Amino acid sequence: MMPGETPKLEAENPVSELWATAAVRERFRVSDVLGEWLRTHESAGMDVQQAAMFASRDIQNVARSGLSADGGETLRLPTEIRLDVLKQLGAAVARQVLEAVAAADLSPVERMLRRLLAGEDVVAPDNDRDQLLALRIATSSAAAAGVTPRYTEAELDAMIRRQDLMMTLGGPDLHRFVGRARDLATIHRLWREGAAGVAIAGPGGMGKSLMVSRFVSDLMDANEAERPAAIFHIDYDRRDLQEIGVSRASSLEILTSELMRQARRWLPPEAIDNLQRFGGSSAGPWASESISFSRSSRRGQAQGDLVSELGFLLCEKAPAKARIVLIFDSMEQILGHDDEAVRSIDYVAGRMRDAGVETFVICVSRNFADSDGIEYRLGHRIDLTQFTDEEARLYLANEADRSNVVLSDKIVDRVIATVGQSPLALRLAVSLMEKGDETFDPGQWAKTLRNDPERIQASLYDRILKRIRDTNLAKIARPGLLVRRLTEGVVEQVLAEPCGLKIAPGDAEKLLFKGHGEGQLFTANRADPDPRALWHRADVRALMLADLDTEVSDTVAQDINTRAIAYYLDRDDVISRTEELYHRLRMEQDAAEIDPRWTDTAGAALRGALEELPPASRSYVRRKLGSASLQAIDASAEISGADSELRQVVQRELQSIADGATPVATLERYNAAKMSGPLADLYAEGLLADGRIDELLSEAARLIETRDAPRQVRAAVSNIAGGALEGLGRLAEAADTFRTAVELATETSEEAVHIALSARIGALRTARKQDEIRHFAGFTRSRTRQIGKALQLVERVYDGLSRRAVESREVVAELSPPDGANSINPLLFRMLVHLVESGEAFPGAIDNPERARDIAQRFGFSAGSPRELAGYLSKMVYGPEAPKVIEVIREEVDWTLERAVARPAVA
């Protein structure tokens, strides 16, 4: 027999059993196969036994080497020979030899094959990739032997691809997807209609990626006409995708490489190999075309050719028109930080479309403030906010069912009333339930949730920590949450003393091992060179850090930051340098200290942590990364003279720089201090801050006439001017100006919704003051209807309102009903409590002790300080005095408006 050749076999020939055994076993030793055959065929004649010896030699000659589970040397038949043997001998012989093997000695694939050969109708497992892969391999063998399994190999390949993709997208948590029916239906409708795509925005923990995962899962289950030819998921949370601009590869090269890697899920690997060889050696038919990426045009051209050729391959595979989904996740990591990366998305989608592929682009980000208009180019945007009451109930019911816990309606009501309807807050609450023992008491669980909306997440976090039996591990989580990364060295040298940890040799390693089991608090980072390192969960940390910064003493915080800097100082790997920079920035060290330690690679890794840094440090990181390209333009140059692309980036940087005490002075440095263009609202705020009221009002009126600014900017300027007019007592003019803002507001982004909300609040307030509700012409028939519209806007930006004290006061003051807490909207009530307890409800009392005493006397008590006033009134908001509290907040709104226009003008 020639090498690589399969002999002619006969099912009746006992020697063929040797080949059958080798064909049904994943790994084997020829000596074991022959020995077992000789034991079962002791009575065979010498000629038959000799034939068996020759057969075993032939098997060894064609087999390939491999390793067993215990590391011993084994053999395996090549796929083509294995399938040929099974085809010749059939299912009966294959089943006979496989059933002779002890069940304990069978591999998962062999067990699956035995079930198929026995005629069992094996159902594909839903969430077990190993079992699914075993079924896929066994199916090819069973089909070769003549069995017709439930699934084809192609169907099982598709299931494996789906599981791989779903695992990447967050499939293990897919059972937690509830509600969002309207948003999900919108994405499906856009897909069916052939839309360009959709932008999905929302704070961390709102379930953005989970909703995308649900959409993808639905598509994978859809009929062939609706199912895409390929789905690509680009997650910019991955460190290797964040090295754009600091590695030798351009953003387009990195993105193209990732597309090629994922294309192997959808196309034959050899086709991708051939394609990449083409891309590396040929400029393709588009050699005359040029693209404006920062790397060499020839390299960029080659990447564009690769993308186009990939599109052609997808078209060849598709039964009709090729349609693909391009998902760009965690885009907050690149928006405003790397314009080339953002342009690459448009470029890749365009090249695919030019190749005949219909693309559906999904961009997911915490916000799109620095998106360079990508959400407008997609044409559709979805903003995810907290659950509705019904969705929150469904979420709790699902989680209870999974834990075999019965929750009464009363308990569900109590939990939602306590923790609110934020998905992340509910998940934290449920994690307490999940960690309960067999004596779990739902009623007691609900009682342990602290009824304090202002501090509920922190309270839940504390409760979770109390369930950790190891006290040192709990201390690592709080206050050790001030560090992002945990290693043995960090525990011993950074956290031990400040956190009061009692660490003996070997304890740190044990703590990290225990921490790996606390998935609700810690996670691993595959990019970390230390495989045992732990990272505090980013979503939980984002929620807890502000509270921790408030509670942990400055001395302890500074000690932890200082120790962390010292620990990482002598380590030059990227993660160490990144963490060193992080702690320097948290301490607000000046540029002279940070500059010598800065590297672009480490700095780029901090883009996702900007919200954790003080304002000055945020601005420093943005400038060092060159995100605004400020280094490419002289500070005295005319911005209007720069090319349009550079101008847009500079404007975004100005937005962050100018948000300070002297915005006009900052704008003047760039010759941009004028009431026109995209920065007109910044200039208006600057004029107000400088007390230049007459100039503000005249310039704002001129802007409305000339329309020399984007619509949303004009709306923002109208709000500023309306507030100034109201503060001056010119109510009729203020009302007209706020109405103009309402008409101009677009509501196309989170910031635009805030502008629209402020406009409606201002219009409602000035109308109430004028007592002209019935004649509120132009955009409403009744105050009730307008309050309803404003409340819809509040729901869309509720999470962001907690960081906007002035806007929160205006919303609570104007939208709350006259009879107080008994009929107030739950969102408004939580805002009211937050304002009162934090002391933000009464800014006049902070500056004026007399005002604090006056407010206290109106409620029948004495208060020596704003803190005492907040303590007293935090109890009043729950009772019949609530309307009086709201009335005082209305006075504070008026006081704020009047003070804003009473500042002396800056010369």
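Which side chain does D736 meet in a salt bridge? Here are some notes on that pair and a few other places worth a look; bear in mind throughout that this is a predicted model.

1. **The pair in α34.** The partner of D736 is R739, and their side chains meet in a salt bridge with an N to O distance of 2.2 Å. Both residues belong to helix α34 (residues 731-744), where they stand three residues apart, about one turn of the helix. D736 has a relative accessible area of 41%, so it counts as partly exposed.

2. The structure holds 41 salt bridges in total. One to look at joins the side chains of R351 and D305, at 3.2 Å from N to O. Since R351 is part of helix α13 and D305 part of helix α12 (residues 297-317), the pair ties together parts that are 46 residues apart in sequence. Both R351 and D305 are buried.

3. **A bridge between α41 and α43.** The side chains of R851 and E891 also form a salt bridge, again listed at 3.2 Å, N to O. This pair links distant parts of the chain, with R851 in helix α41 (residues 849-858) and E891 in helix α43 (residues 882-900), 40 residues apart. E891, at 26% relative accessibility, counts as partly exposed.

4. D572, R577, E580, R584 and R597 are linked in a network of salt bridges. R584 has a further partner to check: the side chain of Q589 makes a polar contact with the side chain of R584, at 2.8 Å. Q589 is found in the loop between α25 and α26, and its relative accessibility of 16% is why Q589 counts as buried. Leaving aside neighbours within four places in sequence, Q589 is in contact with I565, R584 and I594.

5. **Two backbone angles to inspect.** Which residues have a positive phi although they are not glycines? One is E588, with a phi of about 60°; E588 lies in the loop between α25 (574-586) and α26 (591-594). Another is S330, with a phi of about 55°. S330 is placed in the loop between β5 (323-329) and α13 (339-354). With a relative accessibility of 10%, S330 counts as buried.

6. **Helix α36, length and faces.** Here is a quick geometry check. Helix α36 (residues 783-796) has 14 residues, which at 1.5 Å a residue should span 20 Å; its end C-alpha atoms are 20 Å apart, so the two agree. The buried residues of α36 are R783, Q786, I787, A790, L791, L793 and V794. Looking down the axis of α36, these buried residues fall within an arc of 160°, so they line one face of the helix. On the other side of α36, T784 and Q792 are exposed.

7. Where does the cover for the buried residues of α36 come from? It includes α35 (750-770), α37 (798-801), α38 (805-815) and α39 (826-838).

8. **Strand β3, covered on both faces.** In a regular strand, side chains alternate between the two faces of the sheet. For strand β3 (residues 197-201), five of its five residues are buried. G197, A199 and A201 are on one side, V198 and I200 are on the other, and both faces are covered.

9. **The neighbours of β3.** Strand β3 pairs with strand β6 (residues 358-365) in the parallel sense, over five bridges. Within that pairing, A201 has S365 of β6 as its bridge partner. Strand β7 (residues 381-383) also runs parallel to β3, and three bridges join them. There, A199 stands opposite R381 in β7.

Conventions: Residues are numbered from 1 along each chain as its sequence is written. This is a predicted model: local features need pLDDT of at least 70, side-chain atom pairs count only at pLDDT 80 or more; totals for chains, interfaces and linings use all residues. Side-chain values use heavy atoms; hydrogens and water are left out. Helices (H or I, at least four residues) and strands (E, at least two) are DSSP runs, numbered from the N terminus. Buried means under 20% relative accessible area, exposed over 50%, partly exposed in between (1.4 Å probe, protein chains only). The expected span of a helix is 1.5 Å times one less than its number of residues. The arc is that of the directions from the helix axis to the C-beta atoms. Contact means heavy atoms within 4.5 Å. A salt bridge is a side-chain nitrogen of Lys or Arg within 4 Å of a carboxyl oxygen of Asp or Glu. A polar contact is a pair of N or O atoms within 3.5 Å; within protein, one must be able to donate a hydrogen and the other to accept it, and residues adjacent in sequence count only if both atoms are side-chain atoms. Two strands pair if DSSP finds at least two bridges between them.
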